[in-house]
Amino acid sequence: MTTKANATDDSFHVFDTTLRDGAQREGINLTVADKLTIARHLDTFGVGYIEGGWPGANPRDTEFFARAQKEITFENAQLVAFGATRRAGGSAADDPQVKALLNSGAPVITLVAKSHDRHVELALRTTLEENLEMVRDTVSHLREQGRRVFVDCEHFFDGYRANAAYAKSVVRTAHEAGAEVVILCDTNGGMLPAQVQAVVSTVIADTGARLGIHAQDDTGCAVANTLAAVDAGATHVQCTANGYGERVGNANLFPVVAALELKYGMKVLPEGALAEMTRISHAIAEVVNLTPSTHQPYVGVSAFAHKAGLHASAIKVDPDLYQHIDPELVGNTMRMLVSDMAGRASIELKGKELGVDLGDDRALVGRVVERVKERELQGYTYEAADASFELLLRGEVEGRSRRYFRTESWRAIVEDRPDGTHANEATVKLWAKGERIVATAEGNGPVNALDRALRVALERIYPQLAKLELIDYKVRILEGRTGTESTTRVLITTGDGAGDWATVGVAENVIAASWQALEDAYTYGLLRAGVEPTE
């Protein structure tokens, strides 16, 4: 593992613990390869420290540090190994876990230490004085071995409430033994910003130690608590990508860093790195196999999405009127959502976003507004189906619907067999380029069978469709009328390897609604491929 000099000033630390604390989130199970990939993303983003895990505690983390030494050249970050102070009654020099930390090769080591008196007595089952000696001995030994040491004071805020003098003595002991930073941990996540600010201010004044903050999000205040600690003088923030972590998560790295850079005016990332934030957030979400939060501050796809007509009118004059920053600063984009709330400005801005020139035709814009409101009344939704809206918009602009094929009929059959299995078969009859085509296909469901039959029918004439793949399929039952009769809305997401798009269909049964969405999906795919309509 090669480590270059930090890209940012050591006077303030951005410390990421996605690979250790973030990995404790329910549903996240990282392989060593996953951890290496995430570490590279975080280094590219420019964090100063990446906590890779607990070497010696499990084989995966031990392997990660061994491979990181050989496979990663860090451009901005230093790799950090996490572990505990030595056991009670022993010595740091002889403690196997301390040896594992040294054997990891990490230049920085974070030690977790008990700072709550009840945890010392009930969890460690030792005396308060012995706990202080465990901190002093372990920090001193690691410093003697040439390692930088940070100390996490676990349950600090709860411990401070119960016994402030002892909690501060742990901070003072770690600082005097050579810890560069002592981190106050809100392990249970129960603190509020004003409380954090008051405690951090007092501890700095009483101990003289350099302090950091580690906030869990159980009150929904982890980001606010982190910034409150900075306001009080903390110069080290511990976060996780996308707020991953046990229970409800940790302080989210991305809004914390964005606030420091854009609101506080602090330079905590390398030049140009902030503009990569949205990409990095989504890339890490892909690795952990969790759908990115659409409403996440700064990086969510809805973070700069505008729906109300009043907002759109103002944004058309000046985007800053309804946006707290320029989304491009964090690698995001402004989006206009089209719905029954849309006004003329919404449609004009959406057309510009989609590359459809509406000119100054007020009558055209008025027709589109009315058409959208009429369709949404029927159950369609265009804010989640940009591709279907673009087809509608282009149809109004061009005076006719863009068509590459004309459907004569379709049917889908589900056969219940005696052995308990089901067979799904679909047949489509359509016209394309003057040719009548009949195609039949089987699938693992009626919609999948229709999708395959449509593909069989059209791929010979439109080979561009071979790249298309159905990525997601959602069904929502709208207002019911009598019994099982109801309106069904289907949203389909389709991709071609270069991007994806969403289409919508609405009908009284799910198969008919699915067929509408499939027709739009194929039509839009051909439009993206630059194919001229023939029907």
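Here, buried means under 20% relative accessible area, exposed over 50%, and partly exposed anything in between (1.4 Å probe, protein chains only). This is a predicted model, so local features need pLDDT of at least 70 and side-chain atom pairs count only at pLDDT 80 or more, while totals for chains, interfaces and linings use all residues. Residues are numbered from 1 along each chain as its sequence is written, and side-chain values use heavy atoms, with hydrogens and water left out.

**View 1. Helix H10 (residues 253-263) is largely enclosed by the rest of the structure.** Helices (H or I, at least four residues) and strands (E, at least two) are DSSP runs, numbered from the N terminus. Nine of the 11 residues of H10 are buried: Leu253, Phe254, Pro255, Val256, Val257, Ala258, Ala259, Leu260 and Glu261. The cover over these buried residues includes strand S2 (13-16), helix H1 (32-45), helix H9 (222-232), strand S10 (236-239) and helix H11 (277-288).

View 2. Just after H10, look for glycine 265, which takes a positive phi of about 70 degrees.

**View 3. Phenylalanine 156 and tyrosine 160 pair up within helix H6 (residues 156-162).** Rings of Phe, Tyr and Trp (its six-membered ring) pair if their centres lie within 6.5 Å; planes under 30 degrees apart count as stacked, over 60 as edge-to-face and the rest as tilted. The whole structure has 11 aromatic pairs. This one, phenylalanine 156 with tyrosine 160, is tilted, at 5.9 Å centre to centre and 35 degrees between the planes. The two residues sit four apart, about one turn of the helix. Phenylalanine 156 counts as buried because its relative accessibility is 0%, and tyrosine 160 is buried too, at 17%.

View 4. Tyrosine 404 is buried at 0% relative accessible area, as is tyrosine 462 at 1%.

**View 5. Ring pairs tie Phe15, Tyr49 and Phe150 into a cluster.**

**View 6. Arginine 20 lies over the face of phenylalanine 82.** A charge sits over a ring if NZ of Lys or CZ of Arg is within 6 Å of the ring centre and within 35 degrees of the ring normal. Arginine 20 is 3.8 Å from the ring centre of phenylalanine 82. The charged end of lysine 35 sits over phenylalanine 64, 5.3 Å from the centre of its ring.

Technical notes:
Contact = heavy atoms within 4.5 Å.
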